[in-house]
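Trainee: Hey, I've just been handed a structure I've never looked at before. Could you walk me through it?

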Amino acid sequence: MKKWNLIGSLALGTMLLAACGDDSAKNTEKETGESGDKKMLEMATSADFPPFESRNTAGEFEGFDIDLANYIADELGYELKIQDMKFDGLIGALQNDRVDMVLSGMSATDKRKENVDFSTEYNHSGEMFITLKDSKLQSIEDLKGTTLGVQLGTIQEDGAKKIKADTVDFEIKAVDNANVLIQELMSNRIDAAYMDKAVAQGYIAEQDLAGFDDPTSSSPGMGIAFPKGSDLVEEVNAVLKEAEESGKLQELKDKWLTEE
C-alpha cells in the first residue's frame, strides 16, 4: 500500500473538521456554468479515509478515489471540483442536487440504492477490526463487553449493529471522522475500531497497531454514487469499463491499495 503520513493526516484531519463544514456551506449553491472550455463536474467526498481520500500536509486532496475521479473527469472532458464534507452528509448532498457525484469509498448497499444510483463497483476490500498492539482481542467473540468504535453513517456502523444483535454483545461508539476513530483507539477510549480493510491495513502499518479480519463480512463493493436518474451513470460506467480493460484501474490499485 502506498505510504501515507498517519500522524500528519490525524493532525490535519482534526484541524480541517471545522473547515470542512465551512467549505460545504460555501458550496451550497451548485455551479452550473462552464470554466473555460470545460464543464464543471462537482464531486463530494469525506477526506478522512486514506488511502481512498485524505488531504496531504499542504491540504491538497489525494488518494485512490481522488485519482480515479480526476481520470473520469479528464476522460469525459470535465473540470473536477471537489467538496469535502462529513460522510453521513454525502447522500443528502446528492439528493439536494448540491453535487453531481460522490466518490468516497462508499459501499453500494441496497439501502443506499433506494436514495441514489450507483456506478458499477470499482473496488471491494472487506472489513477489519483494529486494536492496539498489546490487545488480547483476536476474534469477534473477544469483543464481548468491550466498546467498538465505528464511523457514523458507514456500512461498518450497520455491520457492527448486526454483529451485536446476532453474535456477541458490546457497546458501539460512533464518531463522524475516521481519524478521530483512530485517536479514540490510541487514547483507550474504545477497545477496537471497525473499518474498511484497506484503510485499516494502512493505519496498522503506520501506527504499529494490530487487527483481525471480520469473518462475517459480506458487504458489497464500492461504487460511485449519483442523484437518482443521473445521465452520468452510463457515461461513468463506460469509463470504468475502459479503465478495467486498459489496466488503468489496476494501475491505481497498485499505486494506492497494494502492499509494498
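This is a predicted model: local features need pLDDT of at least 70, side-chain atom pairs count only at pLDDT 80 or more; totals for chains, interfaces and linings use all residues.

Trainee: Nice. Which residues have the most contacts inside the largest nonpolar core?

Mentor: Those are F64, L68, M101, I130, M195 and I224, in a core of 47 residues. Helix α2, residues 64-76, gives the most to this core, with seven residues. Apart from it lies another core, of 14 residues, and L94, V99, A108 and V116 are among them.

Trainee: Let's zoom in on M101. What does M101 touch, leaving out residues up to four places away in sequence?

Mentor: M101 touches a run from L41 and E42 to M43 and A44, plus A69, L80 and L94, and also I224, A225 and F226.

Trainee: Switching to strands. Which strand does β2 pair with over seven bridges?

Mentor: That's strand β5, residues 78-84, and the pairing is parallel. In that pairing, L41 stands opposite L80 in β5. β2 also runs parallel to strand β6, residues 101-102, and two bridges join them. There, A44 stands opposite V102 in β6.

Trainee: And is β2 mostly covered or mostly open?

Mentor: Mostly covered, with six of its eight residues buried.

Trainee: What about aromatic rings? How many aromatic pairs does the count come to?

Mentor: The count comes to five aromatic pairs. In one of them, F49 and F52 have ring centres 5.7 Å apart and planes at 25°, so the pair is stacked. F49 and F52 are both buried. F52 also forms an edge-to-face pair with F64, at 6.0 Å centre to centre and 85° between the planes. That pair links distant parts of the chain, with F52 in the loop between β2 (38-45) and β3 (54-55) and F64 in helix α2, twelve residues apart.

Trainee: So which residues make up the aromatic cluster there?

Mentor: F49, F52, F64 and Y122 form one aromatic cluster. As a separate ring feature, R55 lies over the face of F61, at 4.3 Å from the ring centre.

Trainee: Back to helices. Why is α6 described as largely enclosed by the rest of the structure?

Mentor: Seven of the nine residues of helix α6, residues 178-186, are buried, so the rest of the structure largely encloses it. The buried ones are A178, N179, V180, L181, I182, E184 and L185.

Trainee: What happens at the start of α6, and what comes just after α6?

Mentor: At the start, a side-chain oxygen of N177 reaches to within 2.8 Å of the backbone nitrogen of N179. Just after α6, N188 takes a positive phi of about 65°.

Trainee: And what about the start of α7?

Mentor: There, a side-chain oxygen of D196 reaches to within 3.0 Å of the backbone nitrogen of A198. α7 is followed by D208, whose phi is positive, near 55°. The buried residues of α7, residues 197-207, are A198, V199, A200, G202, Y203 and I204.

Trainee: Last one: Q156. Is Q156 buried or exposed?

Mentor: Q156 has 7% relative accessibility, so Q156 counts as buried. Q156 is found in helix α5, residues 155-166. Not counting residues up to four places away in sequence, Q156 touches E127, V150, Y194, M195 and D196.

Note on methods:
Residues are numbered from 1 along each chain as its sequence is written. Side-chain values use heavy atoms; hydrogens and water are left out. A nonpolar core is a set of buried Ala, Val, Leu, Ile, Met, Phe, Trp, Tyr and Cys residues joined through side-chain atoms within 4.5 Å. Buried means under 20% relative accessible area, exposed over 50%, partly exposed in between (1.4 Å probe, protein chains only). Helices (H or I, at least four residues) and strands (E, at least two) are DSSP runs, numbered from the N terminus. Contact means heavy atoms within 4.5 Å. A polar contact is a pair of N or O atoms within 3.5 Å; within protein, one must be able to donate a hydrogen and the other to accept it, and residues adjacent in sequence count only if both atoms are side-chain atoms. Rings of Phe, Tyr and Trp (its six-membered ring) pair if their centres lie within 6.5 Å; planes under 30 degrees apart count as stacked, over 60 as edge-to-face and the rest as tilted. A charge sits over a ring if NZ of Lys or CZ of Arg is within 6 Å of the ring centre and within 35 degrees of the ring normal. Two strands pair if DSSP finds at least two bridges between them.
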